[in-house]
Amino acid sequence: MKVCDLCGKGEATMKVSQLDKEGKVTEIAVCAECARQRGFAEVEKLKANAAEILTELKTRIDEADSRLVCRSCGLSYAEFKRLGRLGCSDCYVSFHDELLPLIRRIHDAVQHVGRSASGGRKQAQMKMNVQRLREALSGAIQDEDYEKAAALRDQLRRTEEE
Amino acid sequence: MNPPGGVVGKWLAATGPEADVVLSTRVRLARNLADVPFTHRAKPRDHERTIEVVRWALADTGYMENGKFLDNEHLAEPQGQYLIERHLASPDFVASKATRGLYISDDETTSLMVNEEDHLRFQVMASGLDFPEAFTAAAALDEKLEGQLQYAFSPEFGFLTACPTNLGTGMRASVLVHLPALVITREIEKVLRGAIHIGLAVRGLYGEGSETKGNFFQISNQKTVGQTEWEIIETIADISRQVITYERKAREYLMKKLRVEVEDKVFRSLGLLRGARVLSSDEAINLIASLRLGVALGIVNEINLEQVTRLLILVRPANLQVMLGESLTAAERDERRATFVRETLVHP
């Protein structure tokens with residue numbers, strides 16, 4: 001009969017791995033009583049628990065990722081992982097830290113060095129405004145709100161003239 | 001000799017550099033508008049607005065003078081398949097349920113998809129190995145459009161795209177090459193592995209998975225962040241030049257050691273193309289590819305590279321039907337394809 005390494009009395013029924021002060025892993029044989037007192041789990045049970053722990057970890061990560069949400073489009077990081085696509089330009093800000101390692105893995109780099117976007121702001125803004133006004137105008141006409149339509153038409157004319 | 005029917009884009013002219021091995025060069029750029037969610041997340045109204053704004057930008061920059069814009073209704077099948085075969089639109093784009101639009105230049109060198117995975121995906125194709133041509137044209141379009149639109153961009157990550165795999169330059173540069181000799185001499189794996197080793201992607205052009213028909217391959221970059229556009233292009237251009245050298249060496253070897261066998265294969269292919277009454281798309285591509293080798297090697301003189309390259313497009317199912325102006329069953333297509341090919345390749 002192998003004797004318990006801890007109490008020297010009971011029959012050792014299980015092996016437990018321990019990390020000592022220098023960081024070395026040693027295995028000791030313990031009896032059921034000592035194991036219970038010190039809260040050691042059986043190694044076998046530990047293996048089963050390991051699987052559970054991983055599942056638990058994964059669930060926790062998924063939950064955290066579901067809570068991490070883009071401030072503009074509402075996409076969650078969990079959804080991004082599922083779809084493989086981000087929702088809008090702001091996702092790159094909302095998920096900045098999470099995306100960095102992913103980008104590094106794909107491209108072996110995280111800093112863009114090619115061409116830059118520069119101007120076009122004014123023109124672009126104007127085009128978008130005009131488009132929105134056109135849509136509102138068409139909506140007003142459909143609703144037969146001709147006063148509103150006339151006002152929008154004037155506004156549209158002024159914007160297009162800029 | 002003017003073959004019957006079928007006009008194809010300028011980039012198929014096969015007059016570009018290294019046309020004996022390289023069919024075409026393509027530069028594609030992905031861009032998104034700043035204040036609109038990416039396509040899959042945007043609402044139909046956003047989609048429509050994006051199309052209007054881009055269409056307007058194309059008009060203001062003069063591109064509509066030598067091109068046309070196709071609306072959603074004109075992108076469904078069979079038109080969609082036609083565009084895919086001509087490399088003007090992607091299968092994802094054609095299959096998409098989002099409201100989308102497509103600009104195509106009259107000479108088919110330039111096309112721009114609106115509301116594919118990104119708001120804008122535009123490309124320029126050039127004949128042979130010609131990145132200067134393809135890239136300068138793509139960059140010019142990019143700059144002109146940018147003067148009218150506001151792109152999603154960050155100094156850190158570059159041009160922002162729906163999928164991080166396209167981030168940064170948003171550029172996919174590729175060449176389409178024909179490597180029959182390397183396949184015959186079984187050196188193809190080694191050569192292509194060299195490309196993959198430096199981070200490029202290689203895939204067979206026709207056929208699924210490992211079944212590549214006609215020995216056509218596409219070599220493209222995979223990484224889009226961390227290098228300038230020109231650095232990426234130089235990498236592909238360098239590998240392309242190496243591949244060209246290997247293919248030509250292998251062709252020389254074949255002509256020296258296996259001349260009769262090569263001629264036999266080429267002339268059997270030509271014989272079938274001139275004689276068959278039924279030709280499937282796959283068989284036609286394989287035969288035309290052999291013919292292309294024969295033309296490139298000077299074994300066949302009465303046909304030129306341009307005619308062969310045109311044929312490669314026109315025998316595809318949708319292109320064939322559009323050219324003939326009829327909707328056909330698979331069996332009818334096989335018969336009409338054979339007829340069209342015979343008429344194209346008549347003895348002078």
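The model is predicted, so local features need pLDDT of at least 70 and side-chain atom pairs count only at pLDDT 80 or more, while totals for chains, interfaces and linings use all residues. Residues are numbered from 1 along each chain as written, chains are lettered from A in the order written, and side-chain values use heavy atoms, with hydrogens and water left out.

Chain A brings 43 residues to the contact and chain B brings 48, contact being heavy atoms within 4.5 Å. About 4000 Å² is buried between the two, 58% of it from carbon and sulfur atoms; this is the accessible area (1.4 Å probe) lost on putting the parts together, summed over both. On the chain A side, A:His107, A:Arg115 and A:Lys127 lose the most area to chain B, together 20% of what that side buries.

As for charges, there are 6 salt bridges between the chains, each a side-chain nitrogen of Lys or Arg within 4 Å of a carboxyl oxygen of Asp or Glu. A:Asp108 and B:Lys223 form a salt bridge, at 2.9 Å from N to O. Helix 3 (77-83), helix 5 (96-107) and helix 6 (121-142) of chain A each supply at least two residues of the side touching chain B, and helix 6 gives the largest share, 11 residues. Helices here are DSSP runs (H or I, at least four residues), numbered from the N terminus.

Over in chain B, helix 11 (residues 317-324) has B:Ala318, B:Asn319, B:Leu320 and B:Gln321 buried, that is, under 20% relative accessible area (1.4 Å probe, protein chains only). Their cover includes helix 2 (79-85), helix 10 (305-314) and helix 12 (330-344) of chain B. After helix 11 of chain B comes B:Gly325, with a positive phi near 70 degrees.

Note on methods: Buried means under 20% relative accessible area, exposed over 50%, partly exposed in between (1.4 Å probe, protein chains only).
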